[in-house]
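Colleague: I'm new to this one. Can you walk me through it?

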Amino acid sequence: MTVEKRAWQSFIPVCCKVESPSPKHKKQNNSLQRLVALWDLSSSEDLSNSLAGSNLHVFTFEELRMITHSFSSSNFLGEGGFGPVHKGFIDDKLRPGLKAQPVAVKVLDLDGFQGHREWLTEVIFLGQLRHPHLVKLIGYCCEDEYRLLVYEYMPRGSLENQLFRRYSVSLPWSVRMKIALGAAKGLAFLHQADKPVIYRDFKASNILLDSDYNAKLSDFGLATDGPEGDDTHVSTRVVGTEGYTAPEYLMTGHLTAASDVYSFGVLLLELLTGRRSLDENRPQREQNLAVWAKPQLKNLRKLNRIIDPRLEGQYCESGAQKAASLAYQCLSHQPKLRPTMSTVVDTLEPLKDFNDISLGPFVYTVGDLHKENPKVKL
Ligand code: ACK
């Protein structure tokens, strides 16, 4: 797997304007998190100057209002932890040189779960990181109290919606494996970067899908730099999403790349079983997916019983065994026993090659779907 180099080093001199690094602390100052801290104190003008080499477009609020038809309900895509997301369209009539394309515009709701700091983290991390399995940030708006982000548009929305939506055809086995592989590649890229990044909020709602079910990670508001040098972990305030969080991180705040691997194991279970990581509508002992499913992963008879019934038996048994065994390792209570994300990628690579049969055509029943939920993406 190729690891793209990040270009953020070129931004260091500008941010050092705010606080000059001593040689002793140079390594630490190179971190993306450090840049977030420095820019948090500086003006929006400093931010746009500093991001000048990142190819991010700086939009005005008026421009984004225009391309989303005043954030109309017909352009509304959904509401995330960050705030509402609307569809829009950009082209070179808006700005010379802009590629004509649909976009998704996220509006930061300052009363919501995330704030300016998370917005800044997203701009800085996604502004510097480029990879086929990370959603592309096209630009942002930082005007008065407005904070918005403009992304490439992902026609199939979030994996959460695709996997758990009531009125949809079940995702076939090979598509589930393709999605797992794509998301694993995104995480592996972050972990293997020159300055490793821990994603910290890996979950189905943060994985977006393009028209061919290529998975891309989105929402970097909680991302942070990985440990450097001799350090083995970073200590942080515990953040993330219940049901996906590694037990050692939950208990001690010690964060390593292995915490992301645990969350990946939970996501793999969601894909195998069609169940949510946490589901309060189930009997008590089945509510936490990892706790309930883990003891059943190593036994083929038990495994066959927990595979998503919506697959109607259309899955590759040996592939399911391999995926279940991988999930089991990812969910180890000892972080050191979990595989690295590049091992996860290598293990998943062959599992997507399965010919799904007899589930019928993998198409949505457009008419019915739309009647039930007019906001559903087609
Ligand atoms: O599952 P969805 O349809 O896909 O609903 C959620 C909603 O916004 C809140 O996150 C959708 N969404 C977020 N980012 C994008 C994007 N880049 N392209 C298309 N839909 C998006 C997400």
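Colleague: Which residue forms a salt bridge with Arg95?

Modeller: Glu63 does. This is a predicted model, by the way. The closest N and O atoms of Arg95 and Glu63 are 2.9 Å apart.

Colleague: Where do Arg95 and Glu63 sit in the chain?

Modeller: Arg95 is in the loop between strand E3 (84-90) and strand E4 (101-107). Glu63 is in helix H5 (residues 61-67).

Colleague: Glu63, buried or exposed?

Modeller: Glu63 is buried, because its relative accessible area is 14% and the cut-off is under 20%. Arg95 is partly exposed, at 22%.

Colleague: How many salt bridges does a search of the whole structure find?

Modeller: It finds 15.

Colleague: What about Glu349, which residue does it pair with?

Modeller: Glu349 forms a salt bridge with Lys185. Their closest N and O atoms are 3.9 Å apart. Glu349 lies in the loop between helix H14 (341-348) and helix H15 (366-372), while Lys185 is in helix H8 (residues 173-192). They are 164 residues apart in sequence, so the pair ties those parts together.

Colleague: How accessible are Glu349 and Lys185?

Modeller: Glu349 is partly exposed, with a relative accessible area of 31%. Lys185 is partly exposed too, at 22%.

Colleague: Which residues are linked with them in a network of salt bridges?

Modeller: Lys352 and Asp353 are linked with Lys185 and Glu349 in that network.

Colleague: And Arg285, what does its side chain meet?

Modeller: The side chain of Glu286, in a salt bridge of 3.9 Å, N to O. Arg285 is exposed, with a relative accessible area of 63%. Glu286 is buried, at 16%.

Colleague: Why would side chains like that pair at all?

Modeller: Side chains of opposite charge can pair when their charged atoms come close.

Colleague: New topic. How many cavities of 30 Å³ or more are there?

Modeller: The count is one. About 90 Å³ of space lies in the largest cavity.

Colleague: Which residues lie nearest its centre?

Modeller: Arg200, Tyr244, Thr245, Tyr249 and Ser263. The lining has 14 residues.

Colleague: Which helix gives the most to that lining?

Modeller: Helix H10 (residues 257-273), with three residues.

Colleague: What's the lining like by class?

Modeller: Six residues are nonpolar, five are polar and three are charged.

Note on methods: Residues are numbered from 1 along each chain as its sequence is written. This is a predicted model: local features need pLDDT of at least 70, side-chain atom pairs count only at pLDDT 80 or more; totals for chains, interfaces and linings use all residues. Side-chain values use heavy atoms; hydrogens and water are left out. On a 1 Å grid over the protein atoms alone, a cavity is a set of points where a 1.4 Å probe fits but cannot get out, and a pocket is an open set with protein on both sides within 12 Å along at least five of seven lines; lining residues have an atom within 4 Å of a point. Grid points are joined across faces, edges and corners, and a volume is the space filled by probe spheres set on the points. Helices (H or I, at least four residues) and strands (E, at least two) are DSSP runs, numbered from the N terminus. Ala, Val, Leu, Ile, Met, Phe, Trp, Tyr, Cys and Pro count as nonpolar, Asp, Glu, Lys and Arg as charged, and the others, Gly among them, as polar. A salt bridge is a side-chain nitrogen of Lys or Arg within 4 Å of a carboxyl oxygen of Asp or Glu. Buried means under 20% relative accessible area, exposed over 50%, partly exposed in between (1.4 Å probe, protein chains only).
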